[in-house]
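Subject: Handing over a structure, with notes

Dear colleague,

I am passing on a structure for you to look through, and below it I have written out what I found, one region at a time. Please keep the sequence and the 3D view open beside these notes as you read.

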Amino acid sequence: MFTSAISSARTNLKVLVVDDDSLMGEYLCLQLESLGCRPKAAENGAEALEILKSREVHLLISDWQMPGMDGMELVAEARKLTSADSHLHIAMMTARSEEKVMRAAMEAGVDDFLFKPLQIVELGLVIASAARNRLLHLRLKRRNAQLAMEHRRASDALERVQADLSAATALHERLLPRFDRCGALALSHLYRPAALLGGDSIGASPLREEGLLFFLVDVRGHGVPAALDSFHLHHRIKQLRPTSAPDLGVAMATINREICDRGDDSYATVACGLIFPEDSEGWVVCAGHPPPLLMMDGSVSQISGGRAMPVGWFDNTTYEPERFAFPQGARFVTYSDGITEAMNASGEQFGEQRLEQALIASAGTPLSQFAASLSDDLRAHLPTQTFEDDISMLAIEHSQTESND
């Protein structure tokens with residue numbers, strides 16, 4: 001198949017013969033025609049260059065010794081005219097066979113040699129070599145064109161994916177609490193996804209009963225799948241919209257069964273609760289989530305109750321909310337383990353103690369400053385590293401009512 005392809009290429013091979021001896025030029029043209037080529041003759045280098053500029057030439061056969069521009073100079077000028085998209089095979093006719101001379105010719109751009117007196121078999125070999133190289137050049141050109149097209153397609157696809165990811169990121173960020181006060185409650189949050197899309201989600205929704213529904217979701221994994229699950233859980237909790245402690249347990253059990261029924265390996269840790277400032281109390285369920293922190297009178301404690309398995313592990317898990325006192329001045333903090341498990345280059349985790357110290361240090365300052373200072377503390381802990389896990393935190397304070405502000 002490859003031999004027949006070369007034979008086909010030879011029938012279309014356009015050859016330019018350059019020799020100041022017109023008889024020699026005519027003889028070569030006759031031989032080239034007999035070998036299936038389409039030859040044209042030129043008697044000097046200047047004429048040959050004009051032909052090279054005006055028409056396609058596949059094979060240039062030039063005599064070495066010519067008056068005016070010799071063969072070596074012609075080769076150098078011909079190579080300047082050869083573009084990256086074209087291919088020109090050059091053969092030099094000479095009576096010399098010195099190694100030094102041939103090396104200089106090859107450095108100038110000569111591909112083959114024909115020695116005088118000319119042998120037809122040598123001419124045939126040069127034509128075959130030129131045809132083979134032209135065929136390889138055409139194949140490479142087609143392959144490069146295909147690669148360029150595939151690269152454009154891949155680039156376009158990547159741009160679409162990046163646009164979709166940017167849109168998804170913006171959509172996910174719009175799920176974050178859009179308010180910093182709900183009646184007597186002040187809110188502040190910190191959200192830093194490890195990648196463009198994260199698996200954490202923070203939610204807060206005012207209740208008609210002068211209370212607040214809040215939750216923090218940490219879905220297994222990262223990237224798009226985790227973000228989609230997180231997005232779904234965020235809206236599902238808001239759809240169920242528990243307004244009492246019993247409702248809260250039922251809502252978590254419902255979500256747990258729904259994830260288990262999917263039959264995949266998805267699961268999530270969730271801290272979900274209710275706060276009623278008029279009653280100075282709150283309720284929380286921690287489904288595999290780190291225990292929330294509660295600061296009252298300058299001291300910090302963990303809310304250790306309300307603990308259960310992550311949603312999506314066991315379909316018969318029950319969720320019992322834990323009540324906690326939440327008087328005026330108290331601060332409540334729920335967070336993902338991406339904060340406490342953030343590890344620096346020395347293998348040291350940020351830890352619960354630093355988080356508690358940051359919360360204590362925020363006493364007497366606006367709640368919004370706690371999120372900012374915590375972000376600074378995390379950056380100080382990881383000065384030259386990126387976060388390996390999503391960072392999320394929601395802080396709620398029972399402050400003065402809006403009418404007393």
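A186 has a relative accessibility of 10%, and because buried means under 20% relative accessible area, this residue counts as buried. Please bear in mind from the start that the model is a predicted one. A186 belongs to strand β7, which covers residues 185–192, and six of the eight residues of that strand are buried, so β7 is largely enclosed by the rest of the structure.

What does A186 touch, once residues up to four places away in sequence are not counted? The list consists of D180, R181, L367, A395, I396, E397 and S399. One of these, E397, is also the bridge partner of A186 in β17, while the bridge partner of L187 in β17 is I396. Altogether eight bridges join β7 to β17 (residues 391–398), and these two strands run antiparallel.

These two strands are part of an open sheet of six strands, whose order is β6-β7-β17-β16-β12-β13 and whose pairing is antiparallel. The strands at the edges are β6 (181–182) and β13 (299–302), and each has a single partner strand, so one side of each is left without a neighbour in the sheet.

Helix α11 (residues 367–381) lies across β7, β16 (331–335) and β17, and its direction is at about 20 degrees to that of β7. In the loop between α10 (351–361) and α11 you will find S362. Is S362 buried or exposed? With a relative accessibility of 3%, S362 counts as buried. The side chain of S362 makes a polar contact of 2.9 Å with the side chain of R331, and, leaving aside neighbours within four places in sequence, S362 is in contact with M295, R331 and F370.

A separate part of the chain also deserves a look. UniProt, in an unreviewed entry, places the feature "domain: Response regulatory" at residues 14–131.

Which residues of helix α4 (residues 71–81) are buried? They are G71, M72, L74, V75 and A78. Seen down the axis of α4, these buried residues fall within an arc of 155 degrees, so they line one face of the helix. As a general point, an α-helix has 3.6 residues a turn, so residues three or four places apart point the same way. The buried residues of α4 pack against β1 (14–18), α3 (45–54), β3 (59–63), β4 (89–94) and α5 (99–108). At the N-terminal end, α4 is capped by D70, a side-chain oxygen of which lies 3.2 Å from the backbone nitrogen of M72.

With best wishes

Definitions and conventions
Residues are numbered from 1 along each chain as its sequence is written. This is a predicted model: local features need pLDDT of at least 70, side-chain atom pairs count only at pLDDT 80 or more; totals for chains, interfaces and linings use all residues. Side-chain values use heavy atoms; hydrogens and water are left out. Helices (H or I, at least four residues) and strands (E, at least two) are DSSP runs, numbered from the N terminus. Buried means under 20% relative accessible area, exposed over 50%, partly exposed in between (1.4 Å probe, protein chains only). Contact means heavy atoms within 4.5 Å. UniProt positions are given in the numbering used here, feature names are shortened, and annotations may be inferred rather than shown by experiment. Two strands pair if DSSP finds at least two bridges between them. Axes are lines fitted to C-alpha atoms, for helices over the stretch in contact, and angles run from 0 to 180 degrees between N-to-C directions. The arc is that of the directions from the helix axis to the C-beta atoms. A polar contact is a pair of N or O atoms within 3.5 Å; within protein, one must be able to donate a hydrogen and the other to accept it, and residues adjacent in sequence count only if both atoms are side-chain atoms.
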